Amino acid sequence: MPRILHTADWQIGKPYRWIENSQKQARLQQERVDAVLRIAEQASQQQADVVLVAGDLFDSSTVAADMVMEVLEAIGSIPSPVVVIPGNHDHGGAGGIWRREDLLGQMRQRAANLQLLLKQEPVSVAGITLLPCPLLRQRESRSPSLWLNQLNWTELDSLQPRVVLAHGSVQGFGGEAQVNQLCLDSLPRDQIDYIALGDWHALMEIDRKTWYSGTPEPDRFPSGPDDLRSQVLLVDLERGQQPIVKVQSTGRMRWHRITMTLNGDADLARLEQQLAESVGSRVGRDLLRLELNGQLGLQGHLQLQDRLALLSQQLLHLRLRGKLHRQPTAEERDELLLRMDSPLVSTIAAGLQEELQSNADPLVEQALIELHRLCARDSLATVPVATHPVTTDSCA
């Protein structure tokens, strides 16, 4: 029974332009290269006969030469053949990365085990008959799998398992209509033992013989608990039998999504608990999309801002979403409105409070917060006692 390692959508060179910190941006880019080393480790430990990359090994045609060199060296460390088809990001046509002379030279020097399939024809590798469906253009209106409808199946080796290797969207699933669309419904399923797909970045079982492996390293915030990324698939094959598919984790970076409604300052403890469960004390390995709605008091808002500032330093990326209003608690309102020592503060606070009740303007909310902050600072201020004569600097 041949064993394949099915993977796709490495997208080496993904720019992550939405991350402002250049060092953190580079960290994520490097992690995608390092994931190839983890794939090599899986291929070795699990004794895979061949590694199949179902498109988008590279993110674009402009990946830096040093990164190309590094990833090809990592591929060369895989102790089995690595078979690749181009996808929409790294299409095999003119202007694509697979036409670059530096890449072709580095392939020969550093990754002799790498086999790029650009033709729509059966290929025998490691005891498996591969049926590649490469993309030769970024946007293909004609299905790259159509050639299989004309295939004479009787000419194939009757003993070797048959694997379709394709990149694109299946009918009725994902993708843009009529672009890179795979027409698999018309294929004789009894003639095919496994369909290894790329393009969809999450793990997806279409049927028992048809799988998207997803990307080996996460690249977006999960939409839900079933949105599984950061894995490869180990598949044991036998001609005419159902494949045995096993999911193997390869991801290192963790992407989290927390959505919470805060109904008062007491809910900050609940938020802290969720942060502890998701991120913990790890530094530089997590990305978080945090959506907060509801309402906090003025002091609660200041407390939250301090916590988010620390969190932003700890994480690779913090993305804030939601609409969180700032309203003074009854105690905070009384502190501002009943300032007997400062009628001006009371008058300003009353005006802001009245405006806030009629219009939840973020600028009014922020003005109240700053007023609260100044009053809190003023109440803590003490007058220093001079123990030395006061001197002045004539240059001051």
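Start by selecting E16, helix H5 (residues 298–314) and E17: together they make a right-handed β-α-β unit. Right-handed here means that, with the strands pointing away from you, the path from the first strand over the helix to the second runs clockwise. Helices (H or I, at least four residues) and strands (E, at least two) are DSSP runs, numbered from the N terminus.

A word on the model before moving on. It is a predicted one, where local features need pLDDT of at least 70 and side-chain atom pairs count only at pLDDT 80 or more, while totals for chains, interfaces and linings use all residues. Residues are numbered from 1 along each chain as its sequence is written, and side-chain values use heavy atoms, with hydrogens and water left out.

Strand E16 (residues 286–296) pairs with strand E17 (residues 317–321) in the parallel sense, over 5 bridges; two strands count as paired if DSSP finds at least two bridges between them. Pick out glutamate 291, and you'll see arginine 321 of E17 opposite.

Next stop: helix H3 (residues 101–110). Which of its residues are buried? Select Leu103, Gln106 and Met107. They sit on the same side of H3, because they cover an arc of only 110° around the axis, taken from the directions from the helix axis to the C-beta atoms. (Buried means under 20% relative accessible area, exposed over 50%, partly exposed in between, with a 1.4 Å probe and protein chains only.)

On a 1 Å grid over the protein atoms alone, a cavity is a set of points where a 1.4 Å probe fits but cannot get out, while a pocket is an open set with protein on both sides within 12 Å along at least five of seven lines; lining residues have an atom within 4 Å of a point. Grid points are joined across faces, edges and corners, and a volume is the space filled by probe spheres set on the points.

The structure holds 1 cavity of 30 Å³ or more. To see its lining, select Trp10, Ile12, Arg32, Ala35, Val36, Thr215, Pro216 and Glu217.

Finish at the second largest pocket, with about 310 Å³ of space. Of its 16 lining residues, Pro218, Arg229, Ser230, Arg254 and Trp255 are the closest to its centre. Strand E15 (residues 254–262) gives the most to this lining, with 3 residues.
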